[in-house]
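Please open the model in a viewer and keep the selection panel at hand.

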Amino acid sequence: MQLKRHPQSIRAALAAATCTVLAQPLEATAQTASDEGTWDIQSGILFYDEGDRIQVIEPVVDASKTLEDGSLLTLRAVVDTVTGASPNGASASDTVQTFTSPSGNSTYTAAIGETPMRNVEDVRVAFSGEWEKELTRMVRNTLGGGISNETDFLSLSISDTIKLDVNNRQTTLAAGLGLTLDNVSPSGGTPVEMQLLSAPSSGVGGDETKNSVELMLGVTQILSPRTLTQLNYTMSHSSGYLTDPYKILSVVDGTSGSTLDYRYEKRPDSRTSNILNWRLNHQLNEDVIYLGYRYFTDDWGINAHTVDLKYRSELGNGLYLQPHLRLYQQSAADFYHHSLVAGTTVPENASADLRLAEMDSTTIGLKLGMPLAGGDFTVRIEHMTQEGESSPANAIGVQQNYDLYPTLDANIIQFGYHFEF
């Protein structure tokens, strides 16, 4: 079990929403057992940059060791430093917009026609571990746990996965269960959901909690000496406080489209998602093709498709190049609104978070690997473009003059070094 992350926005930069606690990686770079008494170290540092939005620096260290009883211990440490600005949910308007920071100690503004952004600065520290033990010759069990902490968020997780080899070890069946407990303590307190920002404050709440349970069923099959495939199904259920306390929605005039006020967002207090994840690894003479497809659907109305393709080209003497293409497409959540119209019925749930909107994303990249100083060095460079509906049909008045889903361009650079000692 590895907690994998792919930054897409401020929250996604800190926790990849598309990967599950119980995901079983097939990558050739996945952690493997080292000789007894030897530590196998996978280290890296990632730089993620959205230009005038979010910047993330993330060093990661994985360390695994085969113990005397033959079990495998894996430890991981991650530190995220996040700075920059993130959309607060309000839409561009024909007037200068001024907002108070979540702490209430400062204000920030958005110019005419500009998407409002709030400043972000945070550090996340996370530790996790796994212990894999052979119960019988054909059965292995992996127990995992982790803790993640940032300024306004604390997360504790535990998981257990059992694997059974059958069919002369050509087939591996896996089943896992994971539990995550989160505590949310927003800066400035928890706002009253769907309340107007101009309304006399009825006070803010204290800490909130969220619980998540994941069930994973999977099968890995050796199709030939050169081909390996895997199919995983994951069901996840979250309940509790699922709202983003820092997101708001614009309340606009039904004729002119001008912004009159704002409301705090509100999301349902439960979410059930189903995920199918298929992967295929095929080795040619020397090169390797990695192909993956992921389907995501939930009861919020989001349906998403991801196609992932990598080709590892061996250049000789341990040197290789690996181009990468990732295509992602999702539908909008049922309660996504780019804004609300004044005087109409206030919906039970509403959010203008762009991560919940209909969108398409394309990632292209290249990875270079080579031997270095007794280990293996890699560098990965990728560019991601994320686009949504900039001019929706239900835009009103002046909204039709502005980009309601600005294109997001992000650059990713990651350096890695693998060695044993």
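A salt bridge here is a side-chain nitrogen of Lys or Arg within 4 Å of a carboxyl oxygen of Asp or Glu. The model is predicted, so local features need pLDDT of at least 70 and side-chain atom pairs count only at pLDDT 80 or more, while totals for chains, interfaces and linings use all residues. Residues are numbered from 1 along each chain as its sequence is written, and side-chain values use heavy atoms, with hydrogens and water left out.

Select D62 and R76 to begin: their side chains form a salt bridge with an N to O distance of 2.9 Å. D62 lies in strand β2 (residues 54-66) and R76 in strand β3 (residues 72-87), 14 residues apart; strands are DSSP runs of E of at least two residues, numbered from the N terminus. Both residues are buried, that is, under 20% relative accessible area (1.4 Å probe, protein chains only), with exposed over 50% and partly exposed in between.

Next, select R271 and D298, whose side chains meet in a salt bridge at 2.7 Å, N to O. R271 is partly exposed at 24% relative accessible area, whereas D298 is buried at 9%.

Then display D244, E265, R267, D353 and R355, which are linked in a salt-bridge network.

Move to the open sheet ordered β13-β12-β18, with mixed pairing; strands pair if DSSP finds at least two bridges between them. β13 (259-264) and β18 (340-341) are its edges, each with a single partner strand.

Finally, select A333, Y336 and L356, which touch the most other members of the largest nonpolar core, a set of 15 residues. Such a core joins buried Ala, Val, Leu, Ile, Met, Phe, Trp, Tyr and Cys residues through side-chain atoms within 4.5 Å.

Notes: Helices (H or I, at least four residues) and strands (E, at least two) are DSSP runs, numbered from the N terminus.
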